[in-house]
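Visitor: Please take a close look at a single part of this model and describe what surrounds it. A plain account will do.

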Amino acid sequence: MTVTLTPQQEKLVTELMSRGEFASPEMVVEEALRLVQANADYQKRLAGLRAEIDIGLEQIKRGETVDAREVFARLREKNRQRIRG
């Protein structure tokens, strides 16, 4: 595969290599693709979290809530049971 870079992109690659951050243009492209994939993964996780938040907001609207004191009491009890083995 051949990729054509703009003059600005070529300049950036050259600068990155001259600073010793990358040994070759291929390494720059590899890192760029890794970052693109990481961003895609992040966006997917973010969309999942937003969907969970929407579910929670709908539950709140329907009155499906639990008092915070009760939640923390349950968590403390679970923790005690875990410690006891």
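Guide: Just after helix 2, Gly63 takes a positive phi, with a value of about 80 degrees. This is a predicted model, and the angle is read from its atoms.

Helix 2 itself covers residues 25–61. It is built from 37 residues, and the distance from its first C-alpha to its last is 54 Å. That is close to the expected span, also 54 Å, at 1.5 Å a residue. Helix 1 can be described in the same terms: it takes in residues 7–18, which makes 12 residues. From first C-alpha to last, helix 1 reaches 16 Å, close to the 16 Å expected. On helices in general, there are 3.6 residues a turn in an α-helix, so residues three or four places apart point the same way.

Between helix 1 and helix 2 lies a loop, and Phe22 is found in it. Phe22 counts as buried because its relative accessible area is 18%, and the cut-off for buried is under 20%. Leaving aside residues up to four places away in sequence, the residues that Phe22 touches are Leu16, Met17, Met27, Val28 and Glu31. Of these contacts, Leu16 and Met17 fall within the range of helix 1, residues 7–18, while Met27, Val28 and Glu31 fall within helix 2, residues 25–61. For a sense of distance, Val36 is 14 residues from Phe22 in sequence, and their C-alpha atoms are 17 Å apart in space.

Now the setting of these parts. The protein chain has three helices and zero strands, and its elements run α-α-α from the N terminus on. Buried residues such as Phe22 make up 6% of the 85 residues in the chain. The radius of gyration of the protein chain is 25 Å, whereas a compact globule of 85 residues would have one near 12 Å. Along the principal axes, the C-alpha trace spans about 60 × 35 × 20 Å.

As for the surface, the protein chain exposes about 7800 Å², of which carbon and sulfur atoms supply 58%.

Technical notes: Residues are numbered from 1 along each chain as its sequence is written. This is a predicted model: local features need pLDDT of at least 70, side-chain atom pairs count only at pLDDT 80 or more; totals for chains, interfaces and linings use all residues. Side-chain values use heavy atoms; hydrogens and water are left out. Helices (H or I, at least four residues) and strands (E, at least two) are DSSP runs, numbered from the N terminus. The expected span of a helix is 1.5 Å times one less than its number of residues. The radius of gyration is taken over C-alpha atoms; the globule rule is 2.2 Å times the number of residues to the power 0.38. Buried means under 20% relative accessible area, exposed over 50%, partly exposed in between (1.4 Å probe, protein chains only). Accessible areas come from the Shrake-Rupley method with a 1.4 Å probe; for residues, only the protein chains shown count as cover. Contact means heavy atoms within 4.5 Å.
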